[in-house]
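Welcome! Have a look at the model below, and then we can walk through it together.

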Amino acid sequence: GLFAVRNATELLWGYEDKLLKLLENLVPAGTLPSGGVVSLLQNTSSLEAALARNASIYNTGELDISRLWNVEADQGRTEVRSWPCTQPVLGGDATQFKPGLTADDRLTVWVGDVYQSADFIVNSSTDLHGVKLLRFWLDPAQAEPDSCHNQELRGLMNITGPQAAGWDGPANATGPAVFMSMPMFCGADDRLAQQVEGLQCDWQRHITWVDVEPTTGITLRAFKRMMMSSRIGQLGGVLEPHVTPNLTVPIFWVEESGELTEDLARQFRSSLYRAQWMVANLAKVCWIVGGCFMLCGIVLAVLTVQLAADPDKWQAVAVDESAIAAARSMLYPREASRGQSAAWRSGGAQQGAAPFGAGGGVIAVAAAGDEAAGVAEEDSDVERQGLLSSRKQGAGEASGEVES
């Protein structure tokens, strides 16, 4: 029959189709580049296969920030020549765009799967874990028929030529009909969905869109959805009598999606919004600091003018030593009591009789103060030595008087 059941591994990495294998022997050599093998992806997991592919080149935006992360070359190629009109490689890969986006911006994304670019416009504003985003989706105007890309029906991209001939093949090459559209023919010509039973378009589940943080231009959430279809020609009625000729039949549709986690969103939000707050309030802070400096300058200028007009008005005030001593005694009562005791002992020695005779030494006690506190212990040792010598001298004089 016309329909076959294949699993996901066979569809992605290839399987041998018996009908194509039979056709390979009937058509000229090279008409079917992959022979009887049908696959959506090429396995490049081995080192040799990966090195065999040309590198893709992306713009860093250093020289032109508006071209940040644009695809300059897709697998070494800069244009597709198998279209009726040469299609240059144009647009980014939808992971990041230029910073400072607004609702009026138009984003261009290079979609290598369909050998052409896609334009996105703002649909709405949304948020993800507290981060404000702009939602961009496909421009409906791009779905209109386009002769440069062999598109005859609205919303149905015809990639038969590039799929059969490759990037550099001849224009309008023939091969198995391959069409790309939104799943369930969303946004496409109404006749496409009416010919197939069970197709129900849900814009939330079947449309392609990207959520971009406008300040940085980084995509934080995206959904890419596409459906591949083929067309049954006039021979369809021979193989399947109940199938309408020239019927566009969906084969499968795929979805690629990704979004920022909540933990990363919290870190992203904290860093971004803190920086925005600082930038927004920088002018206010500068005004406040500048006002403070200006006020200080005015005060200094007024004081300078007053000093120049009446110099005698600004005289040094005499220090009240008694007030300072009273305040010190209140703050340091222990030192004050120690000073009073020393003074009492000194006074007693001066008022009483000399204990060692007229020639005896007198104990000198320093007044309680900050200057004497640091050297009191050293002076006491010296004074004790002087006291001992005075005792000896007094004893000698007394003994001399007795002998005489």
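How many helices and strands does the chain have? There are twelve helices and 14 strands, taken as DSSP runs numbered from the N terminus (helices: H or I, at least four residues; strands: E, at least two).

## About the model

This is a predicted model, in which local features need pLDDT of at least 70 and side-chain atom pairs count only at pLDDT 80 or more, while totals for chains, interfaces and linings use all residues. Residues are numbered from 1 along each chain as its sequence is written, and side-chain values use heavy atoms, leaving out hydrogens and water.

## The chain overall

Of the 404 residues, 26% count as buried, meaning under 20% relative accessible area with a 1.4 Å probe and protein chains only. The chain's accessible surface (Shrake-Rupley method, 1.4 Å probe) is about 26,900 Å², and carbon and sulfur atoms hold 58% of that.

Let's turn to β9 (residues 131–138), which pairs with β8 (residues 116–128) in the antiparallel sense over eight bridges; pairing requires at least two DSSP bridges between two strands. Here serine 125 has leucine 134 of β9 as its bridge partner. Two residues lie between the strands of this hairpin, where histidine 129 takes a positive phi near 55 degrees.

β9 also pairs with β12 (residues 209–213), again antiparallel, over four bridges. In this pairing, arginine 135 stands opposite aspartate 211 of β12.

## A look at leucine 41

Leucine 41 sits in the loop between β2 (37–38) and α3 (47–52). Its relative accessibility is 40%, so leucine 41 counts as partly exposed, the class between 20% and 50%.
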